[in-house]
Amino acid sequence: MGIRVISCFCVLLILVASSSSADKEEERHGAVSSKFQRLHQESGHDQHMDHQAVLGSRKLAEKFDELSPEESKRRLGVIASKMDADADAFVTVNELTDWIYKSMLALDKEETDERFDDIDANNDDFITWEEYLRDTFGSDSDLPLDPEDQKLLEEDRNYFKAADLNGDGKLSMEEFSGFQNPEHYPHMHATLIEVTLAEKDTNKDGKIDLKEFLGDVVGDENSEWYTIEKNRFKEDYDVDKDGFLDRTEVRQWLIPDLRETATHEAGHLVSSADKDNDGKLTIQEIVDEHALFVGSEATNFGEHLTMHEEL
């Protein structure tokens, strides 16, 4: 299960495996990989995620290059004005945090909506288990599958059952959102933890040690990836420093606090753009740091209006 923060090494594995289960895994539970936790990797801040966090849409971030820098700056100025909730001509950390938090939820919804439309073959606004199997594994029959795909299928079966709140054997859009983003839905948390322990806890002692955490792709112990993941385990996840992740720590690892992540991201943006060091941003300070907020790309007005009201 792809619940660990995706490092450059893991991304490379995903890209080079043309029909690997890792590709299926990315489609299955992209948010569990927590794109937002990648905002502040020790290996460097993900600037493209900065842009998505500001815009609330991967599609918009990809379309930035369609507009001139001048036009994208103009539109960023309009967006910055919308961030200023109390209209006092300043964007505070709290206002930017609120904006980014909503944008993060919008990003998850965008991905979930796209995935739902891909799977709902008969367009009846429900996803059956057979439709999901057909889209993800290429067949509406559970068997035969290779061992790795069978493992992924059984994990997904558990998620599907947990997400199917009314037990009718199919998922509505809201139920599918729980399936796709289990970390955001309390009724999915127990399944998320159980699936993770079933995969990671190889000695079945009810907890995860460093070796189990790193899994089969430990890699070179002198590599940057190994150092980053080891430090995360020891410094961020192993709260009581006993060398293991118990169920409580596994929960904290798997289920990100989006509000906290948004606060960190807002703090990063403010500290980078606040030239007069007054702890808040003017609209002009945001526009002046165009590359930081939206890069050389620009917003698509029509789509952004739907996400953050009319500009």
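Which residues are linked with Arg74 in a network of salt bridges? Glu71 and Arg75 are, the three forming one network; a salt bridge here is a side-chain nitrogen of Lys or Arg within 4 Å of a carboxyl oxygen of Asp or Glu. The count by this rule comes to 11 salt bridges.

The model is predicted, so local features need pLDDT of at least 70 and side-chain atom pairs count only at pLDDT 80 or more, while totals for chains, interfaces and linings use all residues. Residues are numbered from 1 along each chain as its sequence is written, and side-chain values use heavy atoms, with hydrogens and water left out.

- Helix H8 covers residues 147–163 and holds both lysine 151 and glutamate 148; helices are DSSP runs (H or I, at least four residues) and strands are runs of E (at least two), numbered from the N terminus.
- The side chains of lysine 151 and glutamate 148 form a salt bridge at 3.8 Å, N to O.
- Lysine 151 has 29% relative accessibility and glutamate 148 has 35%, so both count as partly exposed (buried is under 20% relative accessible area, exposed over 50%, partly exposed in between, with a 1.4 Å probe and protein chains only).
- Glutamate 154 pairs with arginine 157 in another salt bridge, with the closest N and O atoms 3.1 Å apart.
- Glutamate 154 and arginine 157 are 3 residues apart in H8, which means a separation of about one helical turn.

**A salt bridge between loops**
- Lysine 275 and glutamate 289 form a salt bridge, their closest N and O atoms being 3.2 Å apart.
- Lysine 275 lies in the loop between helix H14 (258–273) and strand E8 (280–282), and glutamate 289 in the loop between helix H15 (283–288) and helix H16 (290–293), so the pair ties together parts 14 residues apart in sequence.
- Lysine 275 is exposed, at 55% relative accessible area.

**Helices H6 and H7**
- Aspartate 117 is in helix H6 (residues 93–119) and is exposed, with 55% relative accessibility.
- In helix H7 (residues 129–137), the buried residues include Trp129, Tyr132, Leu133 and Phe137.
- Glycine 138 follows H7 and has a positive phi, near 85°.

**Annotated segments**
- The unreviewed UniProt entry annotates residues 107–142, 151–186 and 235–260 as "domain: EF-hand"; such annotations may be inferred rather than shown by experiment.
- Residues 151–186 are 61% helix and 6% strand, with end C-alpha atoms 24 Å apart.
- Residues 235–260 are 54% helix and 8% strand, with end C-alpha atoms 17 Å apart.
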